[in-house]
2 protein chains.
Amino acid sequence: MTASTHPSLNVHRQQFPALANKAYFNFGGQGPMPQSAINAIQQAHHYMQQAGPFSGEVNRWVVQEGQQLREALAIELGIPASTLTLTEDVSIGCNIALWGLDWRSGDHLLLSDCEHPGIVAAAHEISRRFGVEVTVCPLMATLNQGDPVTVLADHLRPSTRLVIVSHILWNTGQVLPLREIMQLCHTAQATPVRVLVDAAQSVGMLPLDLDALDVDFYAFTGHKWLCGPAGVGGLYVSADARELLRPTFIGWRSITKNAMGHPTGWQPDGSRYEIATSDYALYSGLKAALGVHRSWGTGENRYRRILDLSQLLWQRLRDLPQVVCLRTAPPESGLVSFQIGDCTPATHERFVQALEQQGFLLRTILDPTCVRACVHYFTSEAEIEQLVAAIQNIGTL
Amino acid sequence: MTASTHPSLNVHRQQFPALANKAYFNFGGQGPMPQSAINAIQQAHHYMQQAGPFSGEVNRWVVQEGQQLREALAIELGIPASTLTLTEDVSIGCNIALWGLDWRSGDHLLLSDCEHPGIVAAAHEISRRFGVEVTVCPLMATLNQGDPVTVLADHLRPSTRLVIVSHILWNTGQVLPLREIMQLCHTAQATPVRVLVDAAQSVGMLPLDLDALDVDFYAFTGHKWLCGPAGVGGLYVSADARELLRPTFIGWRSITKNAMGHPTGWQPDGSRYEIATSDYALYSGLKAALGVHRSWGTGENRYRRILDLSQLLWQRLRDLPQVVCLRTAPPESGLVSFQIGDCTPATHERFVQALEQQGFLLRTILDPTCVRACVHYFTSEAEIEQLVAAIQNIGTL
């Protein structure tokens, strides 16, 4: 299969209503939902109203939907379903890992310099509450040269308890070598340093086998590259790391109960970190979205197609005189970040707004200042060519 | 308006598809959604796909929807919209209050004996982590005699930092005198004891003026008595209590940022306790549900109607020889709890299952062991009579 010949692309794209009236390049912000996912949500609401909404029958159905979703996601991630926690979003997953460790004053928490501001703020609150020292290591500079594993190794300390990195950096699109990072952190000192991975950009983009990578905590969402509804994601906690991680935000889903309904302990599996009532209709929606991707091809095939397309976009952008791509080699992911004209945030913002007016959806990034275009496996080459032509027409503003 | 003469009841009920094929008495578990709420969710999904899903336009719309929902809920609760945090459910709201206080070893946390098991488990984890002493005071026994305020007063200590009570006890339906409880806790000692109120059963049932009640933390959900979708609720934190309460689970919605996109502090209002991406379509759904209730009558009128109907149900149940109502006086809420036959959990469970088979939806409670029937303002008298007849027919199993 080459980048230009997948026969069913147009048919496949017709399943996504958001693709019909625009050229979409914001998959890293939110993926477009297939119609089948929207329909599944609607059908779930109708079913729950018809059979409940609160009834023995609906309660059994909710348990089943949750289990089916965990099993479908577990296949996508290469993990046992029992290690999965369903969450509302990536940040909840990161917070579960951050707040559940037994922090001691003097512990060290190491962040990359490309983590999402919400996670950075959470790490600093951990620091304030428990006297933990938070430092940042410069991975952004390894986009085109140097080795992120060496940088991380240089910043580990005997007191380091946790490292937070993204599998794919949301600003530059760099894919971090997770296997080597895990090996470093688990073997650098007598007590393994645990690693929390922000997987916002990797789940649904990369083919994954987390079990083999020896990951500790892997927090993701269904609404970006998996194209599910906003409001449902997950957290993988390895069976080993689970022993170290207490539940923090706690509700009826976290616990086991006795015959009086009183709490007796934690759920044995990943559901101990789940809290309470969610919109279960979203589980049906995300399951449907997963099915659409599988009907197109394996995770490996989808990723290869993404790379073909991001390379095409990167090459075309490099041909434009007013554009500088952040990467000097073809992208390793579906994220293509570039700078325009005088390279100020204001110019990038005006540029993205002008493109939105013309039906091209991209976003700005503030650090490093750039514009980010994402391609998914179902992006068409025609869209890429149209985007490049639109950028050429806009010039430098 | 009397219990029997509201002219538009049948028309009003037709807005709720769940009411068409059953007799529904589980409002305390989950309220039925009006069709307009289901439609609003669907329309929001369609809109977001058409205009995004991730775009400048959709981002502006999401901010607006959130603000409109906060304003609509603020009216319902009698608070400024700026004091409101949108959450996924009641438990998240309770956890925000529990984990955000500056706990010290030796502090005391007082719970009533009627709190939901998830909240009890969260309190015990606070105890374990910070060396806080958790004790329980017996409010269940004040259902028919005695004074909950006196019981609470007897259990306060100089070291008490937080009291957790429900505004309406989910098991017995008792309404606690919140004004008097707040007065007690805020004046019993030099430093006010803060009160976290589990409002799962009160929001959408009681007419509320929280500002006048001097409440600290009030955690609620939209999916029970407000009949909105599961997955969206809220937390009220008074402006005064906000000074004491740090954000714990933290994401991009919690923070302010500088020109580089780096975190600089907390949002000035209740949104500092919000975390990250949610299903914003649910905001449209809950707004629509609130509109349906307001079109029927004021909060005061709805509550009076609930009392008329719960008194009717309570009276009819008292006439049945195999039934014992927990309350010896007419209920103060829409929750009517009663025991059947030999009064064992197994009998109650069989009884509820038998009723579900016949299209009557109720639930069991384990402590105290009972069956709970809920009436809303739009419950029909015919449903109540049919339920009573069905219970009579089933006998004692």
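Start where the chains meet: across the interface of chain B and chain A, the rule finds two salt bridges. Keep in mind as you click around that this is a predicted model.

**Stop 1**

Select A:R246 and B:E125 and show their side chains. The two form a salt bridge, and their closest N and O atoms are 2.6 Å apart. Now look at which parts of chain B face chain A here. The elements of chain B that each supply at least two residues to the side touching chain A include helices α2 (35-51), α3 (56-77), α4 (90-100) and α5 (117-130). Strands β9 (255-257), β10 (263-266) and β14 (363-366) of chain B are on that list too.

**Stop 2: the whole interface**

How many residues of chain B are in contact with chain A? There are 72 of them, and they touch 72 residues of chain A. Together the two chains bury about 6200 Å² between them, with carbon and sulfur atoms giving 60% of that area.

**Stop 3**

Next, select A:G52 and A:P53. The peptide bond joining them is cis, with omega at about 15 degrees. What makes that worth a stop? Most peptide bonds are trans. You'll find A:P53 in the loop between α2 (35-51) and α3 (56-77) of chain A. Then jump to chain B and select B:G52 and B:P53: a cis peptide bond joins these two, again with omega of about 15 degrees. B:P53 sits in the loop between α2 and α3 of chain B.

**Stop 4: a positive phi**

Head back to chain A and click on A:D214. Is its phi positive or negative? It's positive, near 65 degrees, in a residue that isn't glycine. Most residues other than glycine have a negative phi. A:D214 lies in the loop between α8 (210-213) and β7 (217-221) of chain A.

**Stop 5: two crossing helices**

Select residues 281-296 of chain A, which are helix α10, and residues 299-318, which are helix α11. Their axes are 8 Å apart and the helices pack at an angle of about 80 degrees. That angle makes α10(A) roughly perpendicular to α11(A). Show the side chains where they touch: A:H293, A:R294 and A:W296 come from α10(A), while A:N301, A:R302 and A:R305 come from α11(A). By class, that contact has one nonpolar, two polar and three charged residues.

Now pick helices α10 and α11 of chain B, whose axes come within 8 Å and cross at roughly 80 degrees. So α10(B) and α11(B) are roughly perpendicular to each other. Here B:H293, B:R294 and B:W296 meet B:N301, B:R302 and B:R305.

**Stop 6**

Over all chains, the count comes to 34 salt bridges. For the last stop, select A:E383 and A:R13, whose side chains meet in a salt bridge at 2.8 Å, N to O. A:E383 lies in helix α13 and A:R13 in helix α1 of chain A, so the pair ties together parts that are 370 residues apart in sequence.

Note on methods: Residues numbered from 1 in each chain as written. Chains lettered and ligands numbered in written order. Predicted model: local features only at pLDDT ≥ 70, side-chain atom pairs only at ≥ 80, totals over all residues. Heavy atoms only, no water. Contact = heavy atoms within 4.5 Å. Buried area = accessible area lost by both parts, 1.4 Å probe. Salt bridge = Lys/Arg side-chain N within 4 Å of Asp/Glu carboxyl O. Helix = DSSP H or I, 4+ residues; strand = E, 2+ residues; numbered from the N terminus. Axes fitted to C-alpha atoms, helices over the stretch in contact; angles between N-to-C directions. Parallel < 35°, antiparallel > 145°, perpendicular 65-115°, else oblique. Nonpolar A, V, L, I, M, F, W, Y, C, P; charged D, E, K, R; others polar.
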